[in-house]
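Please look over the sequence and the model that follow, and keep both in view while reading the report below.

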Amino acid sequence: MTSLVRAKLAALALVAATVAGAAVPAQAAGLGTGALALGAAHAAAPVSVGYWYRGRWYGGCWNCGNNGAAVGAGVALGILGAAAIAGAAASAPPPPPPPVVYYEPPPVVYYQPAPRVYLEPAPAPRPRSCWVATGPGGGGYWSPC
């Protein structure tokens, strides 16, 4: 691409961004000056998160100290742990070979003949049951007839 074509494309992109930013206020908010991003960094204010209980202070505060050493130690432990896991995975034994696949019919295997099944005869039907009354109130029991 020649430098003249590049310059034309860059100018066209700049004009398109300007027109789009002026036409749509939501996009215009995204095309700010960037002064906030380029400004000096300010530390967050400490926030007290403790409480008094029976004359003693419990708790502490957020953003009170420098915890860069703790973050660095956590990152270092994470890297060492990942290296240990990768080393353990690399030294694992290889997987077993896949099962053997036969493309011919299996060989004929001769077995003993299947045993004959003998079923017991069905039991004789039970006699019907009859109600035997034992008193004038209708009480009684069931009994074979």
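## A surface patch and an aromatic pair

In this predicted model, Val5, Leu9 and Leu12 together make a nonpolar surface patch of about 270 Å². One of these residues, Leu12, is found in helix H1, which covers residues 3–23, and Leu12 counts as exposed because its relative accessibility is 56%, where exposed means over 50%.

The chain as a whole can be described next. It contains 4 helices and 6 strands, and read along the sequence these follow the pattern α-α-α-β-β-β-β-α-β-β. Of the 145 residues in the chain, buried residues make up 1%, while the chain exposes about 13800 Å², of which carbon and sulfur atoms supply 68%. Among contacts between residues at least 6 apart in sequence, 0% join residues at least 24 apart.

How many aromatic pairs does a search of the whole structure find? The search finds 1 aromatic pair. The rings of Trp131 and Trp142 have their centres 5.5 Å apart and their planes at 70°, so the pair is edge-to-face, a term used for planes over 60 degrees apart. Because Trp131 lies in strand S5 (residues 129–133) and Trp142 lies in strand S6 (residues 140–144), the pair ties together parts that are 11 residues apart in sequence.

| Residue | Relative accessibility | Class |
|---|---|---|
| Leu12 | 56% | exposed |
| Trp131 | 43% | partly exposed |
| Trp142 | 60% | exposed |

Note on methods:
Residues are numbered from 1 along each chain as its sequence is written. This is a predicted model: local features need pLDDT of at least 70, side-chain atom pairs count only at pLDDT 80 or more; totals for chains, interfaces and linings use all residues. Side-chain values use heavy atoms; hydrogens and water are left out. Patches are made of residues with over 30% relative accessible area and no salt bridge: like charges are joined within 9 Å, nonpolar side chains (Val, Leu, Ile, Met, Phe, Trp, Tyr) within 5 Å. Accessible areas come from the Shrake-Rupley method with a 1.4 Å probe; for residues, only the protein chains shown count as cover. A salt bridge is a side-chain nitrogen of Lys or Arg within 4 Å of a carboxyl oxygen of Asp or Glu. Helices (H or I, at least four residues) and strands (E, at least two) are DSSP runs, numbered from the N terminus. Buried means under 20% relative accessible area, exposed over 50%, partly exposed in between (1.4 Å probe, protein chains only). Contact means heavy atoms within 4.5 Å. Rings of Phe, Tyr and Trp (its six-membered ring) pair if their centres lie within 6.5 Å; planes under 30 degrees apart count as stacked, over 60 as edge-to-face and the rest as tilted.
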